[in-house]
Amino acid sequence: MLRTLKYTRYLGRLGWRVTVVTLDRDAYPVVDAKLEEQIPADVRVIRTRFVDVKKHLSIRGIYPSCLAIPDRWIGWWPWAVAAGRRVIRDQPVDLVYSTSPHATAHLIGYSLSRRAGKPWVVDFRDPWYEQPPEPGTPWLTHRAARRLERLVVRRADRVVASTMRLRDTLAARYPGEPPAKFVAIPNGYDEEDFSGVDGPSTPSSDQLLIVHAGSINANFRDPRPVFEAARRAVETGLVDPARVRFRFLGGGPFGESQEMQRAIQRAGFTARVDFLPRVSYEAALAELGRAGILLLLQASRDTVDLVPAKLFEYLRAGRPVLAVVPEGATAEVLRETGGGWAVDPADGVGLCDALGAAYRAWAGGRLESMTADRAVLGKFSRERLAAELATLFDAIAGPEG
């Protein structure tokens, strides 16, 4: 959501008139009114009806997988295409842009680009499908995903990926397409968002506050390895538990689960962990600035080519990041920016050592010297990244005024 919002925030300043076709608000379980205020007045937003297969066509939460190809939002296709065709008829466009997930957006983009006879740019924030498929993926869904992705990539004029690794994966998957067709434009942070947030405060001298923003779960955002490493760090004298506090913003129900509570109790941090409800984006940025260390969890092996968008906001908040991630794109960004530690979630000793190093840096007043290099971080500003996208648009279409 932020990737597209920020593009709309800056593309108008770069000579592009933007119309967004999206779903009615009731498609979303959570909305953020403050973020909606960032939509520029000159950006036209068209919201349409939809059918959510999971919600509207299931019986007791179960529905045939053949009804959700390429995903549960295929029921949005007819209304989105109809709305897009009206735009093309009334306000001729120079280019069609679609972004996924969800992949249905690309099928809509394909239909509209053919109708308009204009160039088409597709944006992959995540992979369309995994190879081999994730356990439990119906064979028909996986087969359809492969065929539909091939159609989309071949018909698109440019394919944009959110990391260089994902770009390279897509280019290798389609060797018959020219390499120049595949472009990487990473996620980033918006400097204007931070202008409305109080500047980062000095970390507390009473306790080391470790903050995680966003949902947690048992599959790939699991903080239990961190608590186990913290237990080991306490036992070896690297950390004083009375001077450490963990805070999770919008973690969701897993934070209240028995498994999580047992892990916290075993680590000896029962009174030192806070699970707070979801807050607005603006409030979350303010919380990041109050932390001593920012925690990032990304344990799934199928995400090694991806970088969570919040990493860049973590880095811009001016706090060191402890990323519990396999070796991959996220670890590369941390090394490039010098913004913290990247430790494999299976490396308990390494995670214990990283916590000990963070604690010593905090106790010694050296955390400020361990934050991301602002000169390097600048390449990830949303304004700069939107300019890259506008340059790509100009090269294949060029605005007519």
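This is a predicted model: local features need pLDDT of at least 70, side-chain atom pairs count only at pLDDT 80 or more; totals for chains, interfaces and linings use all residues.

Me: How many helices and strands in the protein chain?
Reply: The chain has 16 helices and 12 strands. Its radius of gyration is 22 Å, close to the 21 Å from the globule rule for 401 residues, so the chain is as compact as a globular protein of that length.

Me: What box do the C-alpha atoms fill?
Reply: Roughly 70 × 45 × 40 Å, taken along the principal axes.

Me: And what share of the residues is buried?
Reply: Of the 401 residues, 49% count as buried.

Me: What about contacts between residues at least 6 apart in sequence? How many of those join residues at least 24 apart?
Reply: 75% of them do.

Me: Switching to helix α1. Why call it largely enclosed by the rest of the structure?
Reply: Helix α1 covers residues 2-11, and nine of its 10 residues are buried, so it is largely enclosed.

Me: Which ones are buried?
Reply: Leu2, Arg3, Leu5, Lys6, Tyr7, Thr8, Arg9, Tyr10 and Leu11.

Me: Now Arg245. Where does it sit?
Reply: Arg245 is in strand β8, which spans residues 244-249.

Me: Buried or exposed?
Reply: Arg245 counts as buried because its relative accessibility is 14%, and the cut-off for buried is under 20%.

Me: What lies 3.4 Å from a polar atom of its side chain?
Reply: The backbone oxygen of Ala271 lies at that distance from the Arg245 side chain.

Me: New topic, the second largest pocket. How much space lies in it?
Reply: About 300 Å³.

Me: How many residues line it, and which lie nearest its centre?
Reply: The lining has 19 residues. Met164, Pro186, Val333, Glu336 and Phe380 lie nearest the centre.

Me: Which helices each supply at least two lining residues?
Reply: α7 (164-173), α13 (329-337) and α16 (382-396).

Me: Where does the largest share come from?
Reply: From α13, with four residues of the lining.

Me: How does that lining divide into nonpolar, polar and charged?
Reply: It has 11 nonpolar residues, two polar and six charged.

Technical notes: Residues are numbered from 1 along each chain as its sequence is written. Side-chain values use heavy atoms; hydrogens and water are left out. On a 1 Å grid over the protein atoms alone, a cavity is a set of points where a 1.4 Å probe fits but cannot get out, and a pocket is an open set with protein on both sides within 12 Å along at least five of seven lines; lining residues have an atom within 4 Å of a point. Grid points are joined across faces, edges and corners, and a volume is the space filled by probe spheres set on the points. Ala, Val, Leu, Ile, Met, Phe, Trp, Tyr, Cys and Pro count as nonpolar, Asp, Glu, Lys and Arg as charged, and the others, Gly among them, as polar. Buried means under 20% relative accessible area, exposed over 50%, partly exposed in between (1.4 Å probe, protein chains only). A polar contact is a pair of N or O atoms within 3.5 Å; within protein, one must be able to donate a hydrogen and the other to accept it, and residues adjacent in sequence count only if both atoms are side-chain atoms. The radius of gyration is taken over C-alpha atoms; the globule rule is 2.2 Å times the number of residues to the power 0.38. Contact means heavy atoms within 4.5 Å.
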